[in-house]
Amino acid sequence: MKGIVDRFHRYADDYDRWFDDHPEAYRQELALVAAGTGTFRRGVEIGVGTGRFAAPLGLCCGIEPAAGMARLARERGIAVILGSAESLPLCDGAFDLALMVTVICYLPNPAQALAEAHRILAPGGRLVLAFIERDGAIAKKYLCDGEKSRFLSHARFFSRGEVEALIAGAGLSSTRFTNAANGFAVTVCTR
Amino acid sequence: MRRDLLDILCCPVCKGGLVLTVVEENDEEILEGSLLCEACGASYPICAGIPNLLPPGIE
């Protein structure tokens, strides 16, 4: 974990610039995630990065382990907390929405992170989980291409079946998968 | 961090409640200070408005 977190800390500006340099890809990803988040009362993004999803989607709170990223998320108005997905510093049942976008591929223990997401959700609360599919076009493209490879070459991608197993293992039920047809998948899970 | 954030924060290790100590704040939020876990005694800093609740050893 330390290696990739340090990389996100040092290259936070580069990471953030990607969204300005690729407005169409960003717009597509944001629309897919927004369709999953819908309406909610209090939401947290786990692995909030620089706030590129939490801010436009109206999630008030963000957890982020890399200080350089957290500073940029704070500038976007997110109440950001330095923290780890596997050991969330959040109270039981405090949220009705948790969001994770391209996060599980970087986690040393994704099963524990999903168990923690379950813990902080109120009964009936939703986890919106967006991930890059192992055999999808994005996974293949970015592994050997440009700025994103700086981060994604450290990632461990999952298939839909593996993600479903992780979701079930955390006691969540997965309602549907949506997909931009290029391997960026979103699923909505209910506690 | 805003003061009302404390309502949803807990110790990342033992999930105990946190006690806030303020060193510097403005009209909106706490800029410098610390959060002490009542249950296990771990202390977490607040720096430049951002609470650092990474579990000890992760940082």
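This is a predicted model: local features need pLDDT of at least 70, side-chain atom pairs count only at pLDDT 80 or more; totals for chains, interfaces and linings use all residues.
Residues are numbered from 1 along each chain as its sequence is written, chains are lettered from A and ligands numbered from 1 in the order in which they are written, and side-chain values use heavy atoms, without hydrogens and water.

**Stop 1: chain B strands**

Select residues 18–25 of chain B, strand E1, and residues 30–37, strand E2. Helices (H or I, at least four residues) and strands (E, at least two) are DSSP runs, numbered from the N terminus. E1(B) and E2(B) pair antiparallel over seven bridges; pairing takes at least two bridges found by DSSP. Pick B:Leu18: its bridge partner in E2(B) is B:Cys37. A hairpin of four residues links E1(B) to E2(B).

B:Leu35 has B:Tyr44 as its bridge partner in E3(B). Five residues lie between E2(B) and E3(B) in their hairpin, where B:Gly41 takes a positive phi near 85°.

**Stop 2: chain A helices**

Switch to chain A and select helix H2, residues 12–21, and helix H5, residues 67–75. They pack at about 50°, with axes 8 Å apart. Axes are lines fitted to C-alpha atoms, for helices over the stretch in contact, and angles run from 0 to 180 degrees between N-to-C directions. That angle makes H2(A) oblique to H5(A) (under 35 degrees is roughly parallel, over 145 roughly antiparallel, 65 to 115 roughly perpendicular, the rest oblique).

Finish on the contact (heavy atoms within 4.5 Å): A:Ala12, A:Asp13, A:Tyr15 and A:Asp16 of H2(A) meet A:Gly68, A:Met69 and A:Leu72 of H5(A).
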